[in-house]
Amino acid sequence: MKIIFTRRISQIFFFCLFIWFCIVSTFGIEWWQLRGWPVNLLLQLDPLVAIGTLLSTHTIYKGLLWALLTIVLTIILGRFFCGWICPFGAMHQFVGWLGSRRRGLKERIASNRYRKAAIIKYLVLIGFLVAAAIPLTEETILLTGLLDPIPLIHRSFNVIVLPIADRFPNLLSVGPRLYEGAFLVGAVFIAALFMNLLIPRFYCRFICPTGALLGLIGKYSIWRIGKREAKCSNCMQCEKACEGGCEPSGEIRINECVLCFNCYDQCKDSSMKYQLHESMGGERSNPDLTRRGLIISSLSGLLAVELLPLSTGTAAGDSNPVRPPGSLPEPDFINRCIRCGQCMRICPTNIVVPSGIFGGFENLWTPVLNFTDGTSGCQLNCTACGHICPTSAIRPISLAEKLGSDEFSQKGPVRIGSAYVDRTRCLPWAMNRPCIVCQENCPVTPKAIYVTEKYETVREGAREAVSLQGNEIRVAGSPMGKGQYATGDYYIAVLSSEGRSLYRISSNSEDAITVNTSDTLNPEGIDRLEILVCLHQPNIDLKRCIGCGTCVHECPVGGSRAIRVTPDNESRSMKKVA
């Protein structure tokens, strides 16, 4: 069996495994849903995830220790992860192959040649690691997840690919899954793939920080590809097929080699070998990184720590995001979140979405709660997001802790935030229209939303009685809509010399109102009539509200809802409102 055939089998296997892990990251009890599958395996094998979180938090989540296996095998074998395991790399290689099929020898050699722009990925890596490791003031920022290929492909499939593929069959979800901010995620993913039509493995060569890290480690590898003899026929077949642009026909750039073994397979002279010693044609094991580039990338990482929060993010104070339950305090959360989108995929109500650019660049693609979309608010009996998070940015919590029961009864339930009523948009407060939806749907016991009753005269509600027959009162004035006041929320106030009496309206026609009463109405004692609406104006008990957002989702006011949830009073913050 040829080595490249074995490599293709490995790429297909790990790509299919990745797809399967994305599919089974679905909340449910079926065998193909989250039932003990190691869905974070590829994320845990990613050394940049482990090193980034280690630098930013000075701790490492136990699952990320699997990255040591990747590092050790890279020291032994070289950059095998890029060429044999990485599903994003497999996609790049396939698209690059499609773009190169009809090119001639010279064109393929030209597109595969090494370019000095390959140094960009090393500068990106240095900037990310410096931002994660060195705080200019008090905090650092973990930004590796923006371009790290494993979180990137997880985020893209979780937010874009699977929702589109499952939009009509709805096999993975009860309904179409929509994510606010998904356009930017999809644009980056599609652009990264289509650039391979110009240069094979474009992302791997010029952008990928994980590839840069493995390249730096792989230059010390025990086994390496290279020439067994200094001279060859110079047929350039190896240059035509090289996936890494590592110039195998001359002095091979070993840090750029992704172990595709195309040069080994294409060499007519059998000159290329996978061996224990350096290439006889010479090697370049260091990237073309200048001192100036090193300084600029380091300073960029340091400045990112200070400048990014000055946009509209966490430092601004007025756009703090509402995070999933169990999230660490915001500075710690930012230092752990790798923006992989696993929590977005697992959420059964589809309310965990990627943050957009308007939340601040340091928050880009981190999980936030959007209660207006999805199927409901945060379910009281769900703790899935914390149990799937690969870095514990959302820590795993028990159902008892979330509900504040059993041993957590003194501490109380986990608070995501607090709800606030916008009285300028609320139907009972602003428009004198009856509505009690938020209070009815509040899942907290006792309810965190309570109402105050208030009677208001409707427009053109002052009427004169024309005649009275039983419980039916004929009134003067403009015609009324048939059944307009028959919802049970409207009353008629009868003002007489004896005082004021309220009767619930059971039905009405254009000029008559029927009231629900067993009393006998006296037409001679009626001085004036008023049609009133009984309003139940909602109020929030901040001591009971946990910020689940069910009220926001169910609010009938379109656009900006009349009730909103903010992170005020959240359990993870020391700042309390009530």
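I take a polar contact to be a pair of N or O atoms within 3.5 Å, where within protein one must be able to donate a hydrogen and the other to accept it, and where residues adjacent in sequence count only if both atoms are side-chain atoms. The model is predicted, so I note that local features need pLDDT of at least 70 and side-chain atom pairs count only at pLDDT 80 or more, while totals for chains, interfaces and linings use all residues. Residues are numbered from 1 along each chain as its sequence is written, and side-chain values use heavy atoms, with hydrogens and water left out.

**Entry: S327.** I looked up S327 and found its side chain reaching the backbone oxygen of P324 at 2.7 Å. S327 sits in the loop between α15 (291–307) and α16 (330–334); helices here are DSSP runs of H or I with at least four residues, numbered from the N terminus. Its relative accessibility is 6%, so S327 counts as buried (under 20% relative accessible area, with a 1.4 Å probe and protein chains only). Leaving aside neighbours within four places in sequence, I list F333, A393, I394 and R572 in contact with S327 (heavy atoms within 4.5 Å).

Entry: For α1 (residues 3–24), I read 22 residues and 31 Å from the first C-alpha to the last, close to the 32 Å expected (1.5 Å times one less than the number of residues). Its buried residues include I4, R7, F14, F18 and F21, and what covers the buried residues of α1 includes α6 (87–100) and α9 (149–165). In α6, 10 of the 14 residues are buried, so I record this helix as largely enclosed by the rest of the structure; P87, F88 and S100 are among those buried.

**Entry: α3 against α8.** I find helix α3 (residues 47–57) and helix α8 (residues 120–133) packed at an angle of about 35°, with their axes 7 Å apart; the axes are lines fitted to C-alpha atoms over the stretch in contact, and angles run from 0 to 180 degrees between N-to-C directions. The contact is made by L48, I51, G52, L55 and S56 of α3 and by L125, L129, A132 and A133 of α8.

**Entry: cores.** In the largest nonpolar core, of 111 residues, I see that F88, I225, I540 and I563 touch the most other members; such a core is a set of buried Ala, Val, Leu, Ile, Met, Phe, Trp, Tyr and Cys residues joined through side-chain atoms within 4.5 Å. Apart from it lies another core, of 17 residues, with V475 and Y503 among them.

Terms used. Helix = DSSP H or I, 4+ residues; strand = E, 2+ residues; numbered from the N terminus. Buried < 20%, exposed > 50% of the residue type's maximum accessible area, 1.4 Å probe, protein only.
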